[in-house]
Amino acid sequence: MPGPPKRGTALRQRLAELRGPDVPARPLDARALAALAANPGCRRRALLDGAGVDKTALAQSLGTASGFGQSQFAFMRGNAFEARVKADGGAELLRLTHARLGGGPEPVPGESAVPDLSAAGPEGRAARTALALREATGAGTWTLLDHPMLSLDVAGTPAFLEPDAVVVQPDGGWAVVEIKSFPMIDGSADAAKVGAAARQSAVYALALERVAEHMDPAPRIRHHVLLVCPKDFSNQPTASAIDVRKQLSVTRRHLARLTRVEDIAAQLPPDTTFDVRRPAAELTEAVEAVPATYAPECLAACELAFHCRDRAREEGEVTSLGRAIRGELGGLTSIGEVLAAAAGEAGDPADPAVAALRRAAGLRAEALAGAGAREGAAC
């Protein structure tokens, strides 16, 4: 008599049921993981991403499509620039790596290794990447891993990540390379875009650490990643070393705090599904069964942001005002409670948040009264 399914098999089966029969899983990428780590309290995103649900298609089925994502023009431009950077066996890329990160003697064009990382499926590619990293570290030469596959455990389920490149240096160090199509003007780029690239690169570096843990001695993962961008307004590549130690620490801490996907799934009715082919009313009920933690920052990071924002506004959640304001309001969790506290109709006067609200309401009333008096005098 066959025994019960193993824990990993049972979880994969449950996630497949949530996703919908014969619906392929949408793989997690570093951009999604960085956004997930930035909002670890959102069980909805953790479950949907863990189950591989296509949130873009889900938002469309719910009637709240956000237009989230990269334009086709930007995608094509980025691919063309990346191909230029990696041309000739990555000679220019390795030269930039040596110039910004060091790592041994200067690379000689044509003498660097670019191993073949092709294999069947993401698991096979991840295993082939791990083997290539081990071989390149032992060889002690410049090696470019073009689009390697890395694995990282996220909330109890594996996520497969594909960085633009990883460089193994002659001194045995491993460096993440992030190639972006936004310009670097006079040696600096847009701070918000650089920050987003740093968060993504930190996810890759964290995945590399998992590979290095299985080697003895463990190679050094550089905490400076190489950000490659077009120089000024040309298509000529330039690079900068970005310190991602802070992002690594934050990502590691937030991923560790994520509620396990299997625990979230266990709290749902057995027939729950996020199959986008189901009726909108059924999908809405399924989505609402999983708690969300909405913040305005979600608009730039999640395909379901419009749906969650509408619900947060309908329920008067203070999270819709932003995390900073939410933190200042203490135990006041709804906009109705905030307005009542400011008007003196509810709340403990000894509560600092309530006292600040009433003081602000008083100052506002004085300002409006003064403005009204001035208008009356002018008439």
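Visitor: Is Asp22 buried or exposed?

Guide: This is a predicted model, and the label follows from a cut-off. Exposed means over 50% relative accessible area. Asp22 has 67% relative accessibility, so Asp22 counts as exposed. Asp22 lies in the loop between helix 1 (7-19) and helix 2 (30-38). Asp22 also has a positive phi of about 55 degrees, although Asp22 is not a glycine.

Visitor: Which label does Asp232 get?

Guide: Partly exposed is the label between buried, under 20%, and exposed, over 50%. Asp232 counts as partly exposed because its relative accessibility is 27%. Its phi is positive, near 50 degrees, and Asp232 is a residue other than glycine. The loop that holds Asp232 runs between strand 6 and strand 7 (237-243).

Visitor: Where is there a cis peptide bond?

Guide: Look at omega. The bond from Asp216 to Pro217 is cis, with omega near 0 degrees. Pro217 sits in the loop between helix 8 and strand 6 (224-230).

Visitor: How many residues of strand 5 are buried?

Guide: Check each residue of the strand in turn. In strand 5 (residues 174-179), six of the six residues are buried. Trp174, Val176 and Glu178 point one way, while Ala175, Val177 and Ile179 point the other way.

Visitor: In which sense do strand 4 and strand 5 pair?

Guide: For pairing, look at the bridges and the sense of the strands. Strand 4 (residues 165-168) pairs with strand 5 in the antiparallel sense, over four bridges. Val166, for instance, has Val176 in strand 5 as its bridge partner. The two strands form a hairpin with five residues between them, and Gly172 in the turn has a positive phi of about 95 degrees.

Visitor: What joins strand 5 to strand 6?

Guide: Three bridges do, and these two strands run parallel. Val177 stands opposite Leu226 in strand 6. Between the strands, the chain passes through helix 8, and this β-α-β crossover is right-handed.

Visitor: Which residues touch the most other members of the largest nonpolar core?

Guide: To read a core, ask which members have the most contacts within it. The largest nonpolar core here has 71 residues, and Leu33, Leu47, Leu152, Trp174 and Phe274 touch the most other members. Helix 8 (residues 191-212) gives the most to this core, with twelve residues. A second, separate core has 16 residues, including Leu94, Leu101, Leu144 and Val177.

Note on methods:
Residues numbered from 1 in each chain as written. Predicted model: local features only at pLDDT ≥ 70, side-chain atom pairs only at ≥ 80, totals over all residues. Heavy atoms only, no water. Core = buried A, V, L, I, M, F, W, Y, C linked by side-chain atoms within 4.5 Å. Buried < 20%, exposed > 50% of the residue type's maximum accessible area, 1.4 Å probe, protein only. Pairing = 2+ DSSP bridges. Right-handed = clockwise from strand over helix to strand, strands pointing away.
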